[in-house]
Structures are given as C-alpha cells and as structure tokens.
Amino acid sequence: MKIPSLLSCFLTLLLALPVLRAELKLPAVVGDHMVLQRRQANPIWGWDSAGAKITVSFAGQTHTATAGADGRWTVNLTALEASAEPRTLRIAGSSTREIKDVLVGEVWMCSGQSNMQWAISQVYNGDLEALASSFPNLRIISVPQVGTQDLQKDFKGQWEAATPDSVKSFSAVGFLYGRYLHEILKVPVGLIDNAWGGSAAEAWVRRETIEKDPRFAALMKATRDREAQLKGDQPRLDHEAAMAKWKETSAKAKAAKKELPRQPQSPLAWLTGNARPGNIFAGVVHPTLGYGIKGVIWYQGESNASRAYEYAELFPFMIEQWRKEQGQGDFPFYWVQLADFRDEKAEPGESDWAELRESQTRAQRLARTGQAVIIDVGEGRDIHPRNKQDVAARLVRWALANDYGMKIPFRSPEYRSVAFANGKATLTFDCFGSSLRAFDVPAARGFAVCGEDRVWRWATGKVIAPDKVELSCEQVPAPIAVRYAWADNPVCNLFSADGLPVTPFRTDDFDPITKPKPAVK
C-alpha cells in the first residue's frame, strides 16, 4: 500500500474543512422597521469582503459601492419625502439582505444622562402614557451602554414600533417629544435613545479631540493621572482586600438580618464607565455616526455641576464636535436646563447648579440651539423629576417653531438689561413676543440684589410693564447687581404669559464658585 504524499494529505484536509463564505453585514441601526430622515441624503453602510460590489435599491432608486480594504462600504440614498408606506430596502453584495417595513419621516436622537434615560414607566401617569402609546409609525431604538476607548462599529439593538409594551422602558422625554411630532406633523418619526445615567459631558466627546484642546488641559491631565493610578497593581490588590472584607461583613449582616453594606467598586468601573473622557463617544455615539437625523435633544449637566465654569466651554465644544462627526451640518440641538433640586435656602447665596444653568444658557450662542427652562418642575428631594410631560412639551416647542415653521411660543423670557436709579433696579427682558406674568401672587419673587459689599439680599419685585420688573430692597439702598432664581432650588414665580418660566440669570460678573483657583506656587 502506497503512503499518501504530504501534499495529498494537505489537500484532503482542505476539502474536509467547511467552505468559508463572505457575508454581507449591516449595523443594527440599519434594520427592519427603521425610519429614514426625509428631505436629506441618507447614508446606508455595512461591511462585506474587500472589493465586493454592493448594490442598494430603495423607493425606485439604485446606488452602488465597493467595499474598501477594511470591508466597509457606504452609499447615499437620494432625499425622499415623508412616507408611511412600508417599503423594502434591498442590499446585494456577496449575499443579499432585505430590510423590511422602512418608513421615511423625522429622526431625532435622544441623549444625555439619567433624566433623559428615565423611562415612561417611571413618570407621573406612566401607566396611562404607555397604554395610550400604540403608534405603528413611531419607531424607537436604544443603544446599549458601552464604555470604552476603542471605537465601536456596531451595537446590539433593533428598531421597534411604539406599543404599550415597547415604550415602557424607553426614554420618557424622548418618546413624549417624538409623539408630539408624530401627531402634529402627521409623518413617521424615528427616535434613537443613547442616554446614559450619571454620565459626564467629557465622556461624550472623541478622546483625541478633547486631548488636543488646550482649554481642557487640566481635565485631561487629571484623567491621565487617574488612568495610570487605576491601571496599576495596587488598586487591584486593594479592591481584592476590600471585597474579602465586604463578603465577611455582608455575611454577618445577613445573619443578623441587617442592611447589607455597599459593595466596593472595582477600579475597572471608572475605566469602563460613563465619566472617562471619550468612553461614551467610542462605545455609544460612534456606532450610529452618519445615520440620517433631523437633530438632537439633550438632558444632561447634573454630573458636571461642580465644574460649571468648565462646562461653559465643554458643552458647546461637545455640540460642535458632534456636528463635525455627524457630517450633516449644523443640525438642531436642543437641551433641557437643570431643574430645581435640593433644599430651598432661606437666604440668597451661591450655587453651582445656578452656575451650570448659566453655562447652558450661554451655549445658545451656537446656531440652531435652544434650551427648555424647567426651573418650576423639579423636586427638591429627587434629582429625577417625575414630570417629564412638561419637559418634552417645552423642548418640542423649539423644534415646531424653528424647524417646522409653526408660529407658537417656544422661548422662555431672558434678561436683557438693568438700570439702577433712586435705590431701585429696573430690569428689561426679551419676551420673544409674549409678556411677563407673576404666577400665583402679584409680587415677582426670586430676585436678590447686592450693593458694593456684595452681600445678597432678597428684593421686592413687581411687573411694571410687559417686559419690565422693578426691584427694591430696604437693606440695599444702592444696588449694583441683580440675580434671579440663583439657587439650587430657587423659589421664583416669573413666567411669560404663555406659561414659560423666565430664564435664571445674574447681572454681575463676580467670579463663580466653580472657577478653578490659581495654583499656589
């Protein structure tokens, strides 16, 4: 019997192996039941074997592309008008995929921290909101929370139609905002929820861009120092020791039927978490970059309140970077100003939350931005107000007025100027077509004034014209500055006649408490 040659053995093994076939792959955001943004080109992308020819057909148009060396390909669908007709998007490459039930309408991203993440099931009347939420042409998709420094290409998720069951765990602000648009505009709406509770703004920006900006040098130095410390052996050993002690203490507490102590946090928690610069951009934002959207709604800032001075630069920087990354121009970006929270104070003073609100207000210098003021809907005992209905309504007013051409009130009154004379301060406001109204009582509450001593005292206020308020204070005979709603949880009552609260403000330029102190040499 002849012994097979080495070559023939090798060929036999090859024939025994399964045939490897190239496969067309698509990101989760390009899937059944998706909504395409109307009236703009829509990128469609995926992966195939390098050099593969790709053909994409939808709504009477056909586009082709060639997969690059990394396998990625992209085509741009020609702009379409809104359509609630379920259509199929066909993609042919090394294999063929059919994406079914595709609609065309308005697509918005719902982003931020826990107050945007807060679900329909958690809000006031959440059970009723869910029961009233059967909308076949309103589609939702959520991006999982993945914190990493490595740019992710995809995520696990899928588009779904809004039903009483599917909306329960979806962003309440996002869904209610989208439902308003859907019912008012009479077009399909798609909502992408990528909010992450407790997240810091710096985590939402590409790491290399924030590293290069000198304004954030101190932030990034602290980041690198912390990374070096957490990646060492000692934090791991300390955590192992803490865990051993925790297990022992927990066993005793359980046996005694007492409350269990909190489990020690692993060093990896911050490294893979929602505060490390770049983490959320790489793990959550990057996988959807390029998908056609109309704009973004944002509710975040609580985690940055202690660094409100820095946020004045960081927040608009983040918006600008998102617009560059998305590649769709200066899309609308609307946010929620921080609500009232914590204890009410008997005397006026300083507040990091007030300073954060000021930083948010100043970000409106960017084109196509705006904020929903909700200084009246918070809960002192809970950082998560349950009234998300008013929040969504105030946000959607911005979009309806600025992006959909509807003539409705949308902007809270804002401070314009102040004049001091005869021991009084007269404030003038931009009311944006409305007028001022003190709620509940005739007096305008929430104002404080100070003199040259910079000691703040409550002032008596009254509305003296549609856009003017006059203030006086016996303890401050010669006021030099005014503040309104300048507290974590201010007691204030000035609104527009349309029910939009006046935006908190200050007329002084005193150093804020969150401004970093110069290093001691």
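Predicted model: local features only at pLDDT ≥ 70, side-chain atom pairs only at ≥ 80, totals over all residues.
Residues are numbered from 1 along each chain as its sequence is written. Local features need pLDDT of at least 70, side-chain atom pairs count only at pLDDT 80 or more, totals for chains, interfaces and linings use all residues, and side-chain values use heavy atoms, without hydrogens and water.

A cavity is a set of points where a 1.4 Å probe fits but cannot get out. A pocket is an open set with protein on both sides within 12 Å along at least five of seven lines. Lining residues have an atom within 4 Å of a point. Points are joined across faces, edges and corners, and a volume is the space filled by probe spheres set on them.

Three cavities of 30 Å³ or more were found. The largest cavity has a volume of about 70 Å³. Its lining consists of M109, F281, V285, L289, I293, V296, W322, E325, Q326 and F331. The largest contribution, three residues, comes from α10.

The largest pocket holds about 350 Å³. Of its 13 lining residues, R215, A218, Y309, E310 and P516 lie nearest the centre. Helices α6 (217-230) and α10 each give two or more residues to this lining. The largest share, four residues, belongs to α6.

Aromatic pairs number 24 in the whole structure. Rings of Phe, Tyr and Trp (its six-membered ring) pair if their centres lie within 6.5 Å; planes under 30 degrees apart count as stacked, over 60 as edge-to-face and the rest as tilted. F315 and F333 pair edge-to-face, at 6.2 Å centre to centre and 70 degrees between the planes. F315 lies in α10 and F333 in strand β12 (residues 333-336), 18 residues apart. Y415 and F505 are stacked, at 4.8 Å and 10 degrees. This pair joins strands β14 (residues 414-421) and β23 (residues 505-506), 90 residues apart. Y415 is partly exposed at 25%, whereas F505 is buried at 7%. One aromatic cluster comprises W204, W298, Y311, F315, W322, F333 and W335.

Conventions
1 Å grid on protein atoms, 1.4 Å probe; cavity = no way out; pocket = protein on both sides within 12 Å on 5 of 7 lines; lining within 4 Å. Buried < 20%, exposed > 50% of the residue type's maximum accessible area, 1.4 Å probe, protein only.
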